[in-house]
Each structure stands twice: as structure tokens, then as C-alpha cells.
Amino acid sequence: MNLQGCGTALVTPFRADGSLDERALYELARWQVESGIGWLLACGTTGETPTLDEGEWLEVIRIVAEAARGQVPVWAGCSHNSTKQAVAKARAAARVPGVTAILTANPWYNKPTQEGQFQHFKAVADGVELPMVLYNIPSRSGANLEPATVVRLAEACPNIAAVKESSGNLVQITDLLTQAPRDFRVYSGDDMMTLGVLGAGGSGLISVVSNLIPAEMAEMVRTALAGEWTTARRINRKYFRLMQGIFKETSPGPVKAILAMMGRIGEHYRLPMVPVAPATRSMLERLAGELGLLVHAPQGDGDLRVF
């Protein structure tokens with residue numbers, strides 16, 4: 001999987017009654033593609049995937065793949081803390097036309113050892129033929145995937161092609177980059193660490209903030225990979241406060257709030273996610289306004305119900 005650049009970890013829009021907003025999801029995905037994003041990730045952490053039932057989860061993947069129209073790759077998030085369930089999800093997602101890779105995260109709550117994680121990820125990889133992207137997100141899962149285990153997995157499973165690294169530990173990520181096979185891809189999973197990871201040899205970014213600014217993040221990553229660091233740093237400097245702001249509260253609350261301000265989605269959540277606090281909302285609105293994101297936003301319904 002020779003893929004470099006910036007992909008978007010898409011939010012999942014809901015309607016006021018708590019159901020999936022299929023039209024908003026399709027239009028959001030199309031806007032991303034038309035803005036030049038490199039690929040789309042459906043049903044990652046940003047997609048509030050734990051609140052989706054199995055039918056909804058598969059429908060989100062299907063809609064995103066349909067919206068991509070074969071113009072960009074589509075990754076399907078297939079995480080579960082039961083290995084058996086993770087394998088089943090990966091197999092189901094792999095059957096959706098247009099899905100090009102499987103992304104799967106550390107099993108959460110179980111807190112498996114490195115050997116446990118190795119066996120878990122290997123089982124998922126063995127269950128599908130598509131390329132697989134490991135997802136190391138210890139702040140959510142409670143388990144860190146260490147570089148030696150990533151390298152072991154890459155050597156044991158030919159279809160394990162990459163890792164989305166969201167440990168927040170640049171030393172660990174750099175350590176991995178010095179050990180990994182030459183064709184193994186390491187992607188930053190943290191917008192704020194992107195230039196550091198790319199400077200150390202990373203292949204790109206799987207972004208949250210690109211839900212809001214896909215063209216700008218795609219350009220930042222492209223120029224950094226091309227060695228045009230002056231341009232990349234300029235873009236990073238302009239949008240760094242936005243990258244910080246969307247994690248002021250638990251993601252994807254802030255990014256969905258701004259998308260609603262932009263008129264791209266309705267601001268609807270499923271419990272245990274709730275609307276951001278008034279102070280956070282004021283900060284986000286001010287920041288988005290200063291960056292010119294709200295200029296063309298249509299009027300929304302202002303409904304902040306949760307389900």
C-alpha cells in the first residue's frame with residue numbers, strides 16, 4: 001500500500017431523532033473528495049463508532065465508499081475488543097465494494113499484553129486479504145502498541161501495511177520509523193504532531209481537523225512530503241489553534257460543533273457524547289470565524305439534542 005498524503009477520519013452525522021443522516025454523510029464525503037483529500041476513513045474513533053449498531057456501521061462504510069466513487073481510497077474502521085468480533089467486522093467490511101483497506105485499533109478495556117495485541121492483530125490480518133492498517137490509540141484503548149510489536153506484525157503478516165500512530169509520543173514514533181521495513185507506512189494520527197512525524201520520515205496524516213479544512217490539510221501534508229517546509233509551516237501556523245481547539249473537549253464534539261456552524265451537518269449526538277460547554281462553543285465559534293470558515297454557512301436548526 002504505497003499511499004502518502006492526508007486522509008480524513010470522518011465524523012458520522014445524525015438527524016435530530018438520532019438516526020443516521022445519510023445525505024449529510026454522503027455530501028460531507030463528496031466535499032472531502034472534491035477538496036483534494038487523499039483518502040477517507042469511515043467508522044474510526046471520530047465517527048462515534050461505539051454508538052453505531054452493526055447495521056448502521058456497515059451502512060456508514062457503504063455510503064462513504066459510494067461517495068468516494070473510486071476517486072480516492074476508502075478505509076473501513078473495524079475495531080473491537082473481542083478478537084472474534086474484530087475478525088467478523090473486517091470480513092464484512094472487506095465485502096463492501098470500494099473499500100480498499102481495513103483499519104483496526106488496539107482492543108480497549110482488556111489491556112492486552114504485547115503478545116496479546118500481536119495475536120489479536122494477526123488474527124484480524126489473517127482473516128482478510130485487504131491491506132490492514134494498525135491503529136495505536138492508547139489514550140482511548142488503555143494499551144500501547146510498542147514499536148517492536150509493530151515490526152513483528154509487519155514481518156509476520158504481509159498485508160499489515162501501515163500504522164496510524166496516535167500515541168502522542170514522537171520518540172516512540174521515531175523509534176518505529178528507524179526499525180520498520182522500508183515499505184511500511186507510518187501515519188500521524190494527531191493533527192498537531194503532523195510536521196514532526198513527517199520530518200522523522202512518516203508517510204502522512206489521518207486527520208480530524210480535515211473534516212473542516214480538507215484542502216488546507218491536504219496541501220500542508222503534500223508540501224511537507226515534497227520538502228517545501230516553508231509552505232507547510234505556514235499552513236500549520238495558521239491552523240494550529242484550530243487543531244488545538246477541536247480537542248478542547250472529547251473528540252468529535254468540537255469538530256461536529258464547527259461543522260454544524262458551517263452548515264455541513266446538524267449538531268446531533270448520541271450519548272454518552274453531549275454538546276460542548278458554552279465556553280468551548282464560544283471559543284470555537286470565534287476561532288472558526290477568524291479563520292473564515294463561517295462565511296458561507298447556511299442557517300442550521302440550532303437543535304442540540306442527544307440520543
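## Exercises on a predicted model

At 0% relative accessibility, Asn136 is classed as buried. The model used in these exercises is a predicted one.

**Exercise 1.** Explain why Asn136 counts as buried, then place Asn136 in the fold and list its contacts.

*Solution.* 
1. The cut-off for buried is under 20% relative accessible area. Asn136 has 0% relative accessibility, so Asn136 counts as buried.
2. Asn136 belongs to strand β5, which covers residues 132–136.
3. Leave aside the neighbours within four places in sequence. Asn136 then contacts Asn106, Ala143, Asn144, Leu145, Val163, Lys164, Glu165, Ser166, Ser167 and Gln172.
4. Glu146 lies 10 residues from Asn136 in sequence, and their C-alpha atoms are 8.8 Å apart.

**Exercise 2.** Which way do the residues of strand β7 point, and in what sense does β7 pair with strand β6?

*Solution.* 
1. Strand β7 spans residues 185–188. Arg185 and Tyr187 point one way, while Val186 and Ser188 point the other way.
2. In a regular strand, side chains alternate between the two faces of the sheet.
3. Arg185, Tyr187, Val186 and Ser188 are all buried.
4. The pairing of β6 (residues 160–165) with β7 is parallel and runs over 4 bridges.
5. Opposite Ser188 of β7 stands Glu165.

**Exercise 3.** Which residues are closest to the centre of the largest pocket, and which classes make up its lining?

*Solution.* 
1. The largest pocket holds about 690 Å³ of space.
2. It is lined by 32 residues, and Glu48, Thr49, Pro50, Thr51 and Trp108 are the closest to its centre.
3. At least two lining residues come from each of α2, α3 (83–94), β4 (101–105) and α5 (138–141). Helix α3 gives the most, with 4 residues.
4. Sorted by class, the lining of the largest pocket comprises 15 nonpolar, 12 polar and 5 charged residues.

Technical notes
Residues are numbered from 1 along each chain as its sequence is written. This is a predicted model: local features need pLDDT of at least 70, side-chain atom pairs count only at pLDDT 80 or more; totals for chains, interfaces and linings use all residues. Side-chain values use heavy atoms; hydrogens and water are left out. On a 1 Å grid over the protein atoms alone, a cavity is a set of points where a 1.4 Å probe fits but cannot get out, and a pocket is an open set with protein on both sides within 12 Å along at least five of seven lines; lining residues have an atom within 4 Å of a point. Grid points are joined across faces, edges and corners, and a volume is the space filled by probe spheres set on the points. Ala, Val, Leu, Ile, Met, Phe, Trp, Tyr, Cys and Pro count as nonpolar, Asp, Glu, Lys and Arg as charged, and the others, Gly among them, as polar. Buried means under 20% relative accessible area, exposed over 50%, partly exposed in between (1.4 Å probe, protein chains only). Two strands pair if DSSP finds at least two bridges between them. Contact means heavy atoms within 4.5 Å.
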